[in-house]
Amino acid sequence: MAGGGDAASAIPAEELSRLTDDIIGALKTVYDPEIPADIYELGLIYKIDIDDERNVDVEMTLTAPGCPVAGEMPIWVENAVGSVDGVGQVKVDIVFDPPWTPERMSEEAQVAVGWF
């Protein structure tokens, strides 16, 4: 899910691992206001790409195209990821392909919403 694409990263493996873990931790602080689970466990994060300059591209979706926080959620994600030590610029793209389904949720999220 994270890395600099197919080419080897110029970032040392240990630092890349720390950045990835810290970014995931930051994403877990962002919650969908209508569902009591964070966006990472909900399966809304499709891709995290860290380039050699430590800039981060996040590809994510929403539970529904008409989500009432569609305009705000990318800003929340950008702010959360941008707060990680060592991260450069952050770009968040909302995509709807593939569409989100409840099957993308982790067991943790399923428990949080009472589905497990």
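Asp 22 and Arg 18 sit four residues apart in helix 1 (residues 13-27), so about one helical turn separates them; helices here are DSSP runs of H or I with at least four residues, strands are runs of E with at least two, and both are numbered from the N terminus. Their side chains form a salt bridge, with an N to O distance of 2.8 Å. By salt bridge I mean a side-chain nitrogen of Lys or Arg within 4 Å of a carboxyl oxygen of Asp or Glu. Asp 22 is partly exposed at 32% relative accessibility, and Arg 18 is partly exposed at 31%. The classes are buried, under 20% relative accessible area, exposed, over 50%, and partly exposed in between, with a 1.4 Å probe and protein chains only.

A word on the basis: this is a predicted model, in which local features need pLDDT of at least 70 and side-chain atom pairs count only at pLDDT 80 or more, while totals for chains, interfaces and linings use all residues. Residues are numbered from 1 along each chain as its sequence is written, and side-chain values use heavy atoms, leaving out hydrogens and water.

How many salt bridges does the rule give? The count is four.

Another of them joins Glu 41 and Lys 28, at 2.7 Å from N to O. Both residues lie in the loop between helix 1 and strand 1 (45-50), so the pair ties together parts 13 residues apart in sequence. Glu 41 is buried at 9% relative accessible area, whereas Lys 28 is partly exposed at 30%.

Lys 91 and Asp 93 also form a salt bridge, at 3.5 Å from N to O. Lys 91 is partly exposed at 44% relative accessibility, as is Asp 93 at 31%.
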